[in-house]
Structure formats: C-alpha cells, structure tokens
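Have the structure open as you read.

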Amino acid sequence: MKKEITNVDLCSIVNELKFLEGGRFDKAFLIDKDDNRELIIKIHKDGSNELVISVGKYKYVTLTSYEREKPKLPPSFAMLLRKYLKNAKLLRIDQVEFDRILLLEFSIGEKKYKIIAELFKDGNIIFLDEEDNIIAPLRVEVFSNRKIAPKEKYQFPPQKPLSLNKLEYSIAYEIFKDYFEKNKEVECVRLVSRILGIGGLYAEEICERANIDKKKKNLSEEEIKKLFLTAKELYEEVVRNRKPNIVIKDGEEVDVVPIELRKYKDYEKRYFNSFYEALDEYFAKFLTSVEIKKKKSKLEKEIEKQESILRRQLETLKAYEEEVRKNQIKGDLIYSNYRLVEEILNAIRVAKDKKGWEEVKRVIRENKEHPIIKLIEGVNEKKGEIIVRLSSDLDGKIEERVVLDIRKSTFENAESYYNKAKKFKSKIEGIKKAIEMSKKKLEELKKKRDVEIEEKKALKKKVKKERKWYEKFKWTVINNFLVIAGKDAITNEIIIKKYTDKDDIVFHADIQGAPFTVIKTNGREVDEETLMEVAKFSVSHSKAWKLGYGALDTYWVKPDQISKRAESGEYLKRGAFVIRGKRNYIRNVPLELGIGVLEYDNSIKITTAPPDTLKKHFIKYVLLKPSNKDKGKVVKELKEIFKEYDVDDEDILSVLPPGGCEIKRQ
C-alpha cells in the first residue's frame, strides 16, 4: 500500500498544477490526525481550488474534490499563513531539483513569501520570507547540516549529482557513465536509483524497459548508454505523455502512478484524466478507511460501555427475581409449618425470659437429637433472632434456612418475608424499565455507528456547479436585460472583444480601473429607468466602492465607439480601450447595491443589483454597504441568510463588489 509519493510523482503533479499560477490565496486549514497532517490551501483561479499538502505518515500533494472536516478553530500555523498571505498571488509552483520538495511562491504588494513542503522522512512544511528566513515551520527539526526553526536561514537538503530532469545537458551522460564505471560491483538497479535519486519502483522500470537484468553488475558502455536513454524517455513520458492510473490487485488499490509501468502490466487499473485526480481518489479513500477504523473504535467503546451497563442491569434483575422467589418460599414455609414455628417461638421466648440467651444456647447445644430443637441452627441474641431449618413436601421437597424474629408472631414473621418479596417485585419493575431504556440506547448507538461508517465509506465529493458563460463575470438582471461587467483587465478585454454586440450599451464609471459594464439588449430599446439602474451597478462595481465613495459619475457609449487601436505614439495596457465620440454621462450616481436570489435561466441564482431592482425582481435580498469587515465572515453570514437556496462560498464571493462590504442593517 503506497503511503507517500516519489519525486517522479511530484514532477507529474507540479506539471499539472501549473495552471494555479496567477491564482489568489484565500484561506489555509490544517487538519491534524494523530500521525498525519494535511495543510489545505484554498486558491482562487477559475473558481475555488483546494490544494492539499500532506505530511507525516502519508506524504502527497494533490487538488482535492473531496470535503474534509475542517477544524472550527484553525491551528496557529494555518492562522499565520492567513495573516501573511490573504489575497496573495501565487507566482509559481515548482519542484526543487527533482527532489521530493514542493515550492510555492506568493507575492502580496512588494513582498514575497514561500511555502516549502518537504515530502521525505516524516515530512515538514516551512513558511519563509523573501530572503529565505524561516517565519515558521510546521515542526522544528535539527539535522547535522541544517536547522528548521524560526528565524533560521532555510537551506535545502544536499542534492543528487544528477536527476531525471537534467539528462538533456551534454555533460549528463558523462556523469552517468562515470558513476557506473566507478561502481562496477554494484547491481545496476541500485546505481540507477542512487545517481538519479529515484525510488526502486522507477529504477526497476528503467532497467526493465532497457531489457537489462536489474541485478546485473559491471555493465558495458552500450548497456550504460541504453539505461541513460531509457531514463530520458521515461522522464519525457512523465512530463508529456501521462496515463495516470490506480493499480488494483485482488480488488485492493495498491499503488497510484502517473504512467503505465511494466511491473503492473497484468494488474487491473482505473484511469484518470490527471494524476492529481488519481492521487486525490487514492489517498482520500485510504485516509477515510483509517478514519472509519477510528470512528468505529470510538463508537465501539460507547457501545461496549452501554453493553456493560445492560449486563449489570440484567444481573441485578436476576438477583431481584431470586430474592422474590426466596422470600416468597420462606413466607410459604412458615405458613406450611405454622404450628411447629409457633411451638418453637413460644418455647424460645419462655426459656429466654426465665434464664436468658445463654441458657437457650446451652439447651440447643445439648439437645441436637430432639425432634423440634434440632431444627434450630443458630441464634442471634443481639437481633433477637433464631435460624430454623424448615421444609415442605407440597411442591416437591423444599428446604430453607429461615430467620425468625422471636418478638414477632408466626404470622408477622411470614408477612415480613412476603413484604420483602413485594419490595423486590417493585424494584424489578424499575430495573425492567431501565433495561428497556438501555436496550433502546444500545440499538441507537449501533445504528449511529453503522450510519456514520457508511457515510464515511461514501466520501462526500464536492459537486462543481456548471456555470453559465455570463457567470465568469460580474452580472445581474435589470428589467429583464442581462448585464455583465468585468472583474479585472483580462475579463474586461474578453467582454468587449467576445461578448459585446453592436446593439449593446457599454457603461464605464468615471474612475481609473473601472470595469466595462454591458447591457445585452438583443436589439431591444433600453428605457431611462434601466439606464439609471445599470449606472448604479456600474459605479458600485468600480474602485469607488472600495474607496468608500458615496456617488460617482458614469457614462455610456455604443460598442462601435470602443477601439483597441491607440492614438499615435501611445500604448494601451491589457484591458484598456480607447473611446471615441460622444460619452453619455449620468452624473452623481449613488453607490447602492445589495445581494439576493432571483430566478433566471431556469434556475435560482445569487447575484448583486441596485435596491430598486432587488425589490422588484428578486425573491430574497439584503442590502450591502462598503466596509473593512473580513470578507470570510460576510460570506458566512450571507450563506446562512440564503441557505435554503443552496448557495456556496464561491457563488457569493464571485459576485460581491471590490474591496470589503457588510450587510446594511435597517
């Protein structure tokens, strides 16, 4: 069972995750599970992506589509990353020197930060500043040649002289050949593994593909060359021709690899579009099986505890029933031997009153053969009691030792036993109710265990919503007109070049960096009310919102007035356009915006709109105002407000205005 990825695996993953570059850091979570830790970094790039870095017993990197149970109070390491990297841009994601080391580099403003994940030994995650000083490691480590601790300068571990990704260099073959010639007495598979720093699995694969016995020593130059070229081909396959698959043996998943391996040619396989999907599937299920065992163990303890309670209750019930039986029998024996008991009690009372207890005991000792006295087996003078052996043949032979109180009559002694039997009968009713309650609780616990285990087995996979083309942008619906606006320079350019038709109307707030806002008219006339509402939408989604403006001018033009061709000697940045001709200004437009749900395009959607539009066309809404309040808290509040409409964080975040906001309390 594979528990950690190799450097070859990491190479494949990093190549696939390059698309995250340019994305924005949102949040970090740290899930601590005994001997394993998962750092989850949420990165916004074409939607929300959860990058998982796992260290400890299981070491891997992947994008996950499975939900994890995240802690309500994030550990200090996750909080530290949130503090430094909130909205930071992911500049690059790389593998360091073909080692099991992942590098994430972020920038925020003028500052740069790095996250290093070491996926060897026990694994570690280290947070660095731009000068490679350690801000914080996940755990402190001290090696002979380096120290992983706060304020220390981070140093990478010693690197191999050669690696799979450096075989294109002209000197690479000479280094490779020289290593083989200096170690002729070592098996070739070991030499391949050592010089390239790869595990036994891929070293064996290279030997097998080169048709050279992995245990062969003292290779010829031709064989060395063949191994070298095969290693190059394997690297090319890992980078450019992957066939990610999970390997299955006897129904059990035993490995996950980025390419077809000859070792597994006869095994069953499940193929995936990407290696990170295969890793996600493999490790999510593997870790879940561990969780199931833990969950089962925890619930089993509760079940065992309840079973122990039930067992004691059943034992008590049995004891109570036995007490009822014995006391009932003793009362019956007194009645069936009424005259005999009466005679014994009278004789003992007379003897005791005349000569005291010592004389009574002497008479009993000296008359063991007397037909009546011999039935007395003991005396308890302090309690005024005698112990008598009584028997009856009414229901078969019954014989019991019965304690009689000499101060009571025969009838009273019998009633005393019957009363004890009644008390135990009433206790039996109570214990039976307690047993029923225990059985019910035990049954509920067992059902809960079974349900939770089944839920754990059926991993919750996050469903990626299918988004319409306009949901890539800021958008709304005003008086049945679809309105779209850019989010940044790139989407601004896309809107104008790809999604604006000749009959549309294009707004632009009179402030630098404002998005183009387009009314999709479909050839219809646009009235003044609609123009005013779109004007409000336009200014509210501009930088003016972030700056806290109360009102701003905006204008609208026709698409044929917008050009990408700059004036002579000028240069246009990406997302910028030249506007020629008359601009139709709408002055002093108030920044008013709310968020709500409406029915559009055959489904319920959440988006923003000016207040009048919200009141007229939206099912449910709240008004917003600019604020420095943490966006995560606002999203959480909005998610709770609109919970019955199945909206998620991404739905809300994608439509909110720039900068911060909060709910306007009325």
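Predicted model: local features only at pLDDT ≥ 70, side-chain atom pairs only at ≥ 80, totals over all residues.

Residues are numbered from 1 along each chain as its sequence is written, and side-chain values use heavy atoms, leaving out hydrogens and water.

**Salt bridges**
- A salt bridge here is a side-chain nitrogen of Lys or Arg within 4 Å of a carboxyl oxygen of Asp or Glu, and the count comes to 53.
- Asp94 pairs up with Lys18, with the closest N and O atoms 2.8 Å apart.
- That pair links distant parts of the chain, 76 residues apart: Asp94 is in strand E5 and Lys18 in the loop between helix H1 and strand E1. (Helices, H or I, have at least four residues and strands, E, at least two; both are DSSP runs numbered from the N terminus.)
- Lys502 is exposed at 67% relative accessibility, while Asp503 is partly exposed at 37%. (Buried is under 20% relative accessible area, exposed over 50%, partly exposed in between, using a 1.4 Å probe and protein chains only.)

**Backbone angles**
- Most residues other than glycine have a negative phi.
- Asp132 has a positive phi of about 65°, and sits in the loop between strands E8 and E9.
- Asn218 has a positive phi too, near 50°, in the loop between helices H5 and H6.
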